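Here is a short report on one protein model. Look at the sequence and the structure first, then read on.

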Amino acid sequence: MINKDRVEEIYQKIKDKLKGFEGKIVAIDIDSGDYFIGNDALEAYENGIKKHPGKEFFFKRVGAKYTYVVGAF
């Protein structure tokens, strides 16, 4: 299970490095703190598993509060 506090801690450490990538997706490995950027979640994940195969990643849209919204509007 992913620890949301750990994710937020890592994101706060790397958010300055993500400037210029607004709108892209970042995949974060919470064990190592490594992160991988892609145009979408699949690309970010594929970049991540090259270095950390078999790991779980947390996904966040750079510069946004939410990555996805699901439901009726």
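The model is predicted. Start with helix 1, which spans residues 4-14. Which of its residues are buried? They are V7, I10, Y11 and I14. Around the helix axis, these residues cover an arc of only 100°, so they sit on the same side of helix 1. An α-helix has 3.6 residues a turn, so residues three or four places apart point the same way.

What covers the buried residues of helix 1? The cover includes three strands: strand 1 (25-28), strand 2 (35-38) and strand 3 (58-61).

Now turn to the other face. The face of helix 1 turned away from the buried side carries D5 and K13, which are exposed. For K13, the relative accessibility is 60%. Exposed means over 50%, so K13 counts as exposed.

**Salt bridges**

Next come the charged side chains. Side chains of opposite charge can pair when their charged atoms come close. How many salt bridges are there? The count comes to five. The table lists some of them.

| Salt bridge | Closest N and O atoms |
|---|---|
| E9 with R6 | 3.1 Å apart |
| E9 with K13 | 3.7 Å apart |
| K51 with D34 | 3.2 Å apart |

Take E9 and R6. They are three residues apart in helix 1, which means that about one helical turn separates them. E9 is partly exposed, with a relative accessible area of 39%. R6 is partly exposed too, and its relative accessible area is 26%.

E9 also forms a salt bridge with K13. These two are four residues apart in helix 1, and again about one helical turn lies between them.

The K51 and D34 pair links other parts of the chain. K51 lies in helix 2 (residues 41-51), while D34 lies in the loop between strand 1 and strand 2. The pair therefore ties together parts that are 17 residues apart in sequence. K51 is exposed, with a relative accessible area of 53%.

E9 has a salt bridge with R6 and another with K13.

**In short**

Helix 1 has V7, I10, Y11 and I14 as its buried residues. D5 and K13 are exposed on the face turned away from them.

Definitions and conventions: Residues are numbered from 1 along each chain as its sequence is written. This is a predicted model: local features need pLDDT of at least 70, side-chain atom pairs count only at pLDDT 80 or more; totals for chains, interfaces and linings use all residues. Side-chain values use heavy atoms; hydrogens and water are left out. Buried means under 20% relative accessible area, exposed over 50%, partly exposed in between (1.4 Å probe, protein chains only). The arc is that of the directions from the helix axis to the C-beta atoms. Contact means heavy atoms within 4.5 Å. A salt bridge is a side-chain nitrogen of Lys or Arg within 4 Å of a carboxyl oxygen of Asp or Glu.
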